[in-house]
Amino acid sequence: MLYAVAHPEVSPDDRRWIEGLRREHCPTDAARIAAHFTLAFGTRTIAERVYLAHVAEIAAAVPPFAFRCRRLEPGRDHATAEGYAFLVPDAGAEKLAALHAQLCTGPLAPLLCENVPYVPHITVGRCADFDAATRLCARLGETRFEISGVVRTLTVVAADGEAVAPRAQFALGG
């Protein structure tokens with residue numbers, strides 16, 4: 001399955017904090033791939049060369065941008081009962097959403113899930129259900145935090161079972 005993700009550039013202290021949460025609350029995901037914003041969801045039906053060409057074209061047209069996260073929100077898995085703890089940007093969210101919308105055009109248009117709203121986020125926890133995710137977000141949110149960073153690249157990764165491998169990376173703005 002091919003995905004397009006953005007690995008945010010953040011300070012070393014913020015990276016340790018985020019990855020620490022992920023190791024504790026979603027260790028399987030943390031072991032597979034570093035913290036990221038997923039921008040185009042997985043597919044096996046689009047040829048890799050077509051997928052890569054489309055992501056490269058979109059990346060070249062979008063300048064790097066800053067983001068800031070100061071809150072956690074619970075999220076639902078729309079295919080299972082699982083819930084998630086999401087680190088959600090308040091600044092830069094509109095640019096991430098626009099990038100997602102641009103990526104889900106042309107050959108990647110089938111990846112747009114119109115019945116599931118896109119919420120830009122970094123997953124920091126996986127829970128048995130939405131209520132548990134809500135409790136985790138409340139507990140983790142008791143500590144005030146601010147994560148600021150920049151998105152400068154898009155990476156296409158291939159997920160196959162437990163392995164996630166980068167296929168190509170594209171600088172934003174060319």
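The crossing of helices α3 and α4 is right-handed in this predicted model. By class, the contact between α3 and α4 comprises 4 nonpolar and 2 polar residues, with no charged residues. On the α3 side the contact is made by His54, Val55 and Ile58, which meet Leu99, Gln102 and Leu103 of α4. Helix α3 spans residues 48-61 and helix α4 residues 93-103; their axes lie 10 Å apart and the packing angle is about 140°. The two helices are therefore oblique to each other, since an angle has to be over 145 degrees to count as roughly antiparallel.

Helix α5, formed by residues 130-140, contributes a set of buried residues: Ala132, Ala133, Leu136, Cys137 and Leu140. These residues cover an arc of only 140° around the axis, and are therefore on the same side of α5. An α-helix has 3.6 residues a turn, so residues three or four places apart point the same way. The cover over the buried residues of α5 includes helix α1 (12-25) and the strands β4 (65-76), β5 (83-91) and β6 (122-127).

Histidine 25 is located in helix α1. With a relative accessibility of 13%, histidine 25 counts as buried, because the cut-off for burial is under 20%. Apart from its neighbours within four places in sequence, histidine 25 contacts Leu136, Arg139 and Leu140, and also Val124, Gly125 and Arg126. Of these, Leu136 and Leu140 are among the buried residues of α5. Histidine 25 and threonine 123 are 98 residues apart along the chain, and a distance of 9.5 Å separates their C-alpha atoms.

Aspartate 29 belongs to helix α2, which runs over residues 27-32. Its relative accessible area is 16%, so aspartate 29 is buried. When neighbours within four places in sequence are set aside, the contacts of aspartate 29 are with Arg22 and Arg126. Arg126 is also among the residues in contact with histidine 25.

Proline 63 lies in the loop that joins α3 to β4. Its relative accessible area of 53% makes proline 63 exposed, because the cut-off for exposure is over 50%. Not counting residues up to four places away in sequence, proline 63 touches Leu172 and Gly173. Proline 63 and leucine 172 are 109 residues apart in sequence, while their C-alpha atoms are 5.3 Å apart in space.

Conventions:
Residues numbered from 1 in each chain as written. Predicted model: local features only at pLDDT ≥ 70, side-chain atom pairs only at ≥ 80, totals over all residues. Heavy atoms only, no water. Axes fitted to C-alpha atoms, helices over the stretch in contact; angles between N-to-C directions. Helix = DSSP H or I, 4+ residues; strand = E, 2+ residues; numbered from the N terminus. Parallel < 35°, antiparallel > 145°, perpendicular 65-115°, else oblique. Left-handed = near helix turned anticlockwise from the far one by under 90°. Contact = heavy atoms within 4.5 Å. Nonpolar A, V, L, I, M, F, W, Y, C, P; charged D, E, K, R; others polar. Buried < 20%, exposed > 50% of the residue type's maximum accessible area, 1.4 Å probe, protein only. Arc of directions from axis to C-beta.
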